[in-house]
Amino acid sequence: MKTDPITIEVIKSSLIYASEEMGIAVRNSAYSPNIKERLDHSCALFDSRARLVAQAEHIPVHLGSLPWGLRRTLETIEREQGPMCEGEMWVVNDPYVSGTHLNDVTVIRPIFFGGKLAGYAANKAHHTDVGGMVPGSMSADARDLFAEGLVVPPLRLVQGDQNVEATIALFRANSRTPEARSGDLRAQTAGNYTGERRFTELYERYGPQTVEAAIEKILAQSETRMRAALRELGDGAFASEDVLEDRAGKPSIRIALQLTLKDGTAHFDYSGTAPQLAFPMNAVFGVTLSGVYYALRAVTDPTIPMNEGCFRPVSVDVPEGTLLNPIRPAPVGGGNVETSTRNADVVLAALAQAAPDRVPAQSGGTMSNVMIGGTREDGTTWAFYETNGCGMGARPSMDGIDAIQCHMTNTLNTPIEAIERDYPLLVTRYEIAENTGGAGRFRGGNGLIRALQLTGGRAQVSLLAERHAVAPRGARGGENGKTGRHLLTRVDGRQETLPAKITFDLSPGETLEVQTPGGGGLGA
């Protein structure tokens with residue numbers, strides 16, 4: 001069926017904004033500060049063949065893994081229970097099915113029109129606590145997936161357009177913050193209902209044949225533009241590698257990449273990457289894909305609409321049983337946040353050899369994850385989670401940005417007012433970490449300092465961070481950025497430097513201070 005260019009453009013823009021509107025519905029309905037304030041959620045729409053057709057400008061590590069996770073989830077449901085039915089919504093957080101890690105809960109709604117499957121609305125949101133050995137469910141000590149929290153295979157969350165209360169009760173029973181869990185699940189269903197409504201409105205206005213023909217054109221356009229952008233980079237083979245810091249702080253965990261660009265295609269080969277680990281820095285394959293897709297689009301043409309067409313010229317080979325493609329039940333809590341970020345660094349370093357004028361110096365290279373939780377004086381339990389911005393690497397034509405979430409996440413901070421309202425925490429310091437960005441013709445961005453004091457009850461802290469031993473690299477003669485650090489101040493004023501990855505008890509009056517790394521400078 002022929003579709004005119006204007007109609008295609010209207011349908012494309014409508015689908016993209018429908019994804020954005022899904023995110024607004026999730027945010028406005030959410031209970032937890034992590035979703036309502038920090039916007040730690042992502043939304044997308046897919047066609048009946050589970051091909052990504054539109055996504056919102058949300059979290060790169062979520063979005064890059066959603067197509068992989070949706071396909072695997074649908075395969076699992078089809079194999080074990082038959083196809084999804086009208087009026088249903090499904091929930092899953094098993095990383096080896098849905099991608100990312102246990103905190104990221106995926107909710108999927110099949111969209112029907114006239115009794116026929118038309119597509120899927122899907123969203124992924126980071127739930128602050130899903131059980132496990134530590135508050136926040138991201139222990140630096142977890143040796144397998146089961147220590148990280150509740151593992152949920154694909155289950156019905158909605159059936160006959162009614163909530164399945166047993167599924168919601170399962171999440172509540174396994175979380176230190178049950179009210180937030182059930183509230184955030186309801187927010188995710190609201191997001192999918194919004195996406196479904198907007199999707200079916202297009203079918204009603206233009207008819208199924210026109211919309212489906214437009215989607216084919218939209219995907220083909222993105223593929224054509226991505227192939228042209230890859231050809232512009234030229235052909236060649238480019239090697240890069242970098243390291244993660246192990247549990248003891250030693251830079252010993254290797255990520256190795258061989259990138260081959262040829263005639264409008266890109267092949268990523270991770271042979272030589274470290275074997276999977278018995279601590280939670282492994283990244284499931286969906287997370288690895290998200291780093292590839294993010295970096296490739298950032299360096300080629302970020303204006304290309306992100307959909308399945310962008311992936312067609314790209315192939316990724318990661319040996320099974322390695323850091324970037326582990327075998328179940330390897331723990332993966334930190335892989336989604338820290339390893340994903342280092343993978344982006346590695347991909348960008350390879351692409352910098354093909355397009356040096358498009359790639360910045362290394363950014364801070366960590367999400368600097370802070371999980372704190374425990375029991376209030378009245379006996380109620382709580383859990384707080386936050387990532388912290390770092391310094392952006394200097395760009396080829398300007399300085400890096402201070403204190404910003406870089407690369408694989410773009411969440412906001414948690415406002416001080418929200419922290420002090422919802423948790424027994426006092427923010428005693430929050431500022432730019434001056435002079436942490438690398439010097440150069442263009443300066444790297446500075447990191448930040450955030451200090452949290454426990455005001456009552458008892459609490460446990462888990463920290464997962466990187467770039468405490470290896471500084472973010474400068475580029476083309478620019479200086480390296482400064483490394484990060486963690487500092488604990490006791491009630492009597494004594495100070496202790498803490499490792500990048502640690503779990504410890506926090507007493508009332510004690511203060512945790514997080515300083516994030518700066519970005520590298522660019523140019524002598």
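Ala, Val, Leu, Ile, Met, Phe, Trp, Tyr, Cys and Pro count as nonpolar, Asp, Glu, Lys and Arg count as charged, and the others, Gly among them, count as polar. Keep that sorting in mind as we look around this predicted model.

The structure holds 3 cavities of 30 Å³ or more. Here are two of them side by side:

| Cavity | Volume | Lining residues by class |
|---|---|---|
| Largest | about 70 Å³ | 5 nonpolar, 6 polar, 3 charged |

Who sits around the largest cavity? Its lining has 14 residues, and Asp40, Asn336, Val337, Met367 and Thr409 are the closest to the centre. Helix H3 (60-81) and helix H10 (335-354) are the elements that each give two or more residues to this lining. As for the second largest cavity, 13 residues line it, with Thr341, Thr366, Met367, Cys390 and Cys406 nearest its centre.

Now for a pair of helices. H6 (residues 178-206) packs with H7 (residues 208-233) at an angle of about 115 degrees, and their axes are 6 Å apart. On the H6 side, Leu202, Tyr203 and Tyr206 make the contact, while H7 brings Pro208, Thr210, Val211 and Glu212. Sorted by class, that gives 5 nonpolar, 1 polar and 1 charged residues.

Is Arg181 buried or exposed? It counts as buried, because its relative accessibility is 0%. The Arg181 side chain makes a polar contact with the side chain of His127, at 3.0 Å. Beyond its neighbours within four places in sequence, Arg181 is in contact with several residues, including Ser32, Asp129 and Phe171.

Definitions and conventions:
Residues numbered from 1 in each chain as written. Predicted model: local features only at pLDDT ≥ 70, side-chain atom pairs only at ≥ 80, totals over all residues. Heavy atoms only, no water. Axes fitted to C-alpha atoms, helices over the stretch in contact; angles between N-to-C directions. Helix = DSSP H or I, 4+ residues; strand = E, 2+ residues; numbered from the N terminus. Contact = heavy atoms within 4.5 Å. Buried < 20%, exposed > 50% of the residue type's maximum accessible area, 1.4 Å probe, protein only. Polar contact = N/O pair within 3.5 Å; in protein donor to acceptor, adjacent residues only side chain to side chain. 1 Å grid on protein atoms, 1.4 Å probe; cavity = no way out; pocket = protein on both sides within 12 Å on 5 of 7 lines; lining within 4 Å. Points joined across faces, edges and corners; volume = space filled by probe spheres on them.
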